[in-house]
Amino acid sequence: MKYRKLGRTGWKVSEISFGAWAIGGTWGKVDDQESLAALHRALDGGVNFFDTADVYGDGHSERLLAKLKKERKDKFYIATKAGRRLNPHTAEGYNRANLTAFVERSLKNLGTETIDLLQLHCPPTSVFYAPEVFGVLNDLVKAGKIRHYGVSVEKVEEALKAIEFPGVQTVQIIFNILRQRPAELFFPEAQRRQIGILARVPLASGLLSGKITRARTFARDDHRNFNRRGEAFDRGETFSGVDFETGLRMVEALKAFTPAGATMAQLALRWFLEFPAVTCAIPGAKRPAQVAENIAASDLKPLSPATKKKIGALYDAQIKPLVHHYW
Ligand SMILES: NC(=O)c1ccc[n+]([C@@H]2O[C@H](COP(=O)([O-])OP(=O)(O)OC[C@H]3O[C@@H](n4cnc5c(N)ncnc54)[C@H](OP(=O)(O)O)[C@@H]3O)[C@@H](O)[C@H]2O)c1
């Protein structure tokens with residue numbers, strides 16, 4: 001495992017880290033023993049950064065990470081998120097009373113006195129034009145409730161606006177072979193300001209593992225079943241907003257670029273590592289074998305310029321017209 005600097009935090013985090021949404025819920029059946037085994041496998045492989053949220057399984061994912069902390073002596077960082085417990089999810093809800101209450105609840109779930117990194121959880125766009133929200137976050141840092149804060153966003157423009165607030169240390173954004181726009185405007189600006197970038201949905205909800213076939217069915221409580229058109233939350237969070245058939249065709253075309261001895265998931269993850277602006281990818285995984293496969297991407301040789309160019313051309317031809325300008 002290799003490590004990269006996370007913005008100005010002074011932390012060095014594993015370039016392949018761990019996304020803990022799936023082990024919390026909304027991804028079909030999960031088994032806590034297996035989820036914990038996956039978390040242990042991640043630590044064994046050098047992962048030292050875990051992304052979760054207070055709403056993943058209504059805190060279940062945070063509590064699993066608290067359990068991991070009890071069971072291991074290794075030093076690792078946990079990033080959580082706040083805001084999505086609001087119902088309705090409005091900009092006005094991002095106020096001092098609510099944010100403080102969400103943080104207190106996460107502190108309890110995580111069994112800690114200070115949250116390493118708190119991220120606003122894809123708030124409405126107008127929150128990025130509300131300096132008072134970032135003032136509350138500064139106060140939470142001063143009070144020792146959180147060490148650092150950042151944002152998780154849907155759109156490039158929200159990311160660009162968010163990093164105008166000097167306290168913002170990190171931006172979490174969807175970036176993968178099927179979602180390349182963040183690299184255009186946002187990455188250079190984030191690098192200039194030394195912002196850590198957490199690349200989420202790196203496997204396009206599993207599609208880029210190459211193991212999902214047309215015949216695969218998804219459980220009723222799996223968002224890959226119920227959110228393909230954005231019925232429950234932003235449609236970009238499910239298969240990166242690419243329709244299932246188009247995604248499968250793209251995956252077929254990408255197979256030709258999988259390095260010898262490697263898997264498609266590893267190609268998809270190695271692809272990130274070619275972007276120095278990205279601090280880490282945070283693939284989700286429910287089983288130790290998936291973790292082992294994913295983190296091994298850190299040991300692969302860099303992709304050749306020709307391969308990168310061809311992947312770029314495939315994106316331009318097959319995917320860009322469908323997603324590029326939406327996020
Ligand atoms: N709004 C937000 O802030 C937001 C939104 C989305 C995600 N996130 C964060 O980003 C993280 C990653 O995104 P994601 O979990 O949505 O999507 P992802 O990482 O693209 O896909 C994860 C899923 O792919 C499958 N998978 C993983 N490794 C595999 C392997 N080696 N072989 C085959 N299948 C594999 C697993 O599902 P199956 O085994 O069930 O197929 C896994 O749950 C999340 O866990 C969360 O921490 C944040």
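Start at Ala 20: a polar backbone atom there is 3.4 Å from an oxygen atom of the ligand. Such a polar contact is a pair of N or O atoms within 3.5 Å. This is a predicted model, where local features need pLDDT of at least 70, side-chain atom pairs count only at pLDDT 80 or more, and totals for chains, interfaces and linings use all residues. Residues are numbered from 1 along each chain as its sequence is written, and side-chain values use heavy atoms, with hydrogens and water left out.

**Ligand contacts**

Select Gly 284 next. One of its backbone N or O atoms lies 2.8 Å from an oxygen atom of the ligand. Then pick Gln 290, where a polar side-chain atom lies 2.7 Å from a ligand oxygen. Taken alone, the ligand exposes 890 Å², and the protein buries 97% of that (Shrake-Rupley accessible areas, 1.4 Å probe).

**The shell**

Show the 32 residues around the ligand (a heavy atom within 4 Å of it). Asp 51, Ser 152, Arg 224, Lys 286 and Gln 290 come nearest. Color by class: 12 are nonpolar, 10 polar and 10 charged. Charged here covers Asp, Glu, Lys and Arg; Gly counts as polar. Now highlight helix 10, residues 288–295. Helix 10 gives the largest share of the shell, three residues. Helices are DSSP runs of H or I with at least four residues; strands are E runs of at least two.

The ligand takes up the space of the largest pocket. A pocket is an open set of points on a 1 Å grid over the protein atoms alone, where a 1.4 Å probe fits, with protein on both sides within 12 Å along at least five of seven lines. A molecule sits in one if more than half of its atoms lie within 2 Å of its grid points.

Switch to cartoon. Eight strands form an open sheet in the order 3-4-5-6-7-8-9-10, with parallel pairing (at least two DSSP bridges between two strands). Its edges are strand 3 (18–19) and strand 10 (280–281), each pairing on one side only. Zoom to strand 3: two bridges join it to strand 4 (residues 49–51). Phe 18 stands opposite Phe 50 in strand 4.

**Two backbone stops**

Most residues other than glycine have a negative phi, and most peptide bonds are trans. Select Asn 87 and Pro 88: a cis peptide bond joins them, with omega about 5°. Pro 88 is in the loop between strand 5 (77–82) and helix 3 (96–110). Finish at Val 201, which has a positive phi of about 55°. Val 201 is in the loop between strand 9 (196–200) and helix 7 (223–226).

Notes:
Polar contact = N/O pair within 3.5 Å; in protein donor to acceptor, adjacent residues only side chain to side chain. 1 Å grid on protein atoms, 1.4 Å probe; cavity = no way out; pocket = protein on both sides within 12 Å on 5 of 7 lines; lining within 4 Å.
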